[in-house]
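Work through the exercises below with the sequence and the model at hand, and try each task before reading its solution.

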Amino acid sequence: MRPGGGSDIVGVIDYRTGNSQSVVHALSHLGIPNRLVAAPEEADGVGRVILPGVGAAGTTMRVLRSRGWPEWLAQRVLVERTPFLGICVGMQVLFEHSAEQDTECLGWLPGHVVPFVWSRTVRVPQMGWNRVRPRRRHAFVSEMPEGGYFYFVNSFYVVPNQNDDVAGRTEYGETFCSMTAHRNIVGCQFHVEKSGPLGLRLLVRFASLTSEELCSPPA
């Protein structure tokens, strides 16, 4: 247990459309205690939570609701300030609504999710390495290099209502929010677990920061 009673164990939510096994593999490679959790009753002792994402927003939300995750997560993340990381679709569902399958999402952060528009310079989905520029001082992004490359697979992106919730930006036909950070809630549109050393450093960062450090105002 951490000082103050917080557990070191990272719970990786395991659901049909998720990329949970890849995240578990990356955490285990780093020596970070973790376990898969398919339902809230399996999450006893978990001190922080990762929601991976592969698939569609509507399907993701249907599975989460069918297993009782929204209620459990609201208590643990919004009330108890448990550190939470959403990856790809797992970041998108933090917001209010997604145009993908016309989906009502968790609604923890104000904003919505929109699709990329196909053009001569924009192929959908975006697939491959792209640059992320950290945009604000938050404990999760404070040690990121300027303009490091991370691995993306996405057809949609988030449009936060609050500028302060944007933690990183990326160019793909237009500038879009590729990272979000709001107190103990952080998200990455790119696949942290597939982004080489820089992605692994972010996983270590998430696993090591306390709720108090995440919730501290920018220096």
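Rings of Phe, Tyr and Trp (its six-membered ring) pair if their centres lie within 6.5 Å, and planes under 30 degrees apart count as stacked, over 60 as edge-to-face and the rest as tilted. The model is predicted, so local features need pLDDT of at least 70 and side-chain atom pairs count only at pLDDT 80 or more, while totals for chains, interfaces and linings use all residues. Residues are numbered from 1 along each chain as its sequence is written, and side-chain values use heavy atoms, with hydrogens and water left out.

**Exercise 1.** Find how many aromatic pairs the whole structure holds, and classify the pair of Phe84 and Trp108.

Step 1: a search of the whole structure gives ten aromatic pairs. Step 2: for Phe84 and Trp108 the centres are 5.1 Å apart and the planes make 75°, and this pair is edge-to-face. Step 3: the pair links distant parts of the chain, with Phe84 in strand β4 and Trp108 in the loop between β6 (103-104) and β7 (111-115), 24 residues apart. (Strands are DSSP runs of E, at least two residues, and helices are runs of H or I, at least four, numbered from the N terminus.) Step 4: both Phe84 and Trp108 are buried, where buried means under 20% relative accessible area, exposed over 50% and partly exposed in between, with a 1.4 Å probe and protein chains only.

**Exercise 2.** Classify the pair of Tyr157 and Phe176, and place its two residues in the chain.

Step 1: the ring centres of Tyr157 and Phe176 lie 5.6 Å apart and their planes are at 50°, so this pair is tilted. Step 2: Tyr157 belongs to strand β10 (residues 156-160) and Phe176 to strand β12 (residues 174-182), 19 residues apart, and the pair links distant parts of the chain.

**Exercise 3.** Decide how the buried residues of helix α3 are arranged around its axis.

Step 1: in α3 (residues 69-79), the buried residues are Trp69, Pro70, Trp72, Leu73, Arg76 and Val77. Step 2: seen down the axis, these residues fall within an arc of 160°, so they line one face of the helix; the arc is that of the directions from the helix axis to the C-beta atoms. Step 3: the face turned away from the buried side carries the exposed residues Glu71 and Val79. Step 4: just after α3, Arg81 takes a positive phi of about 65°.
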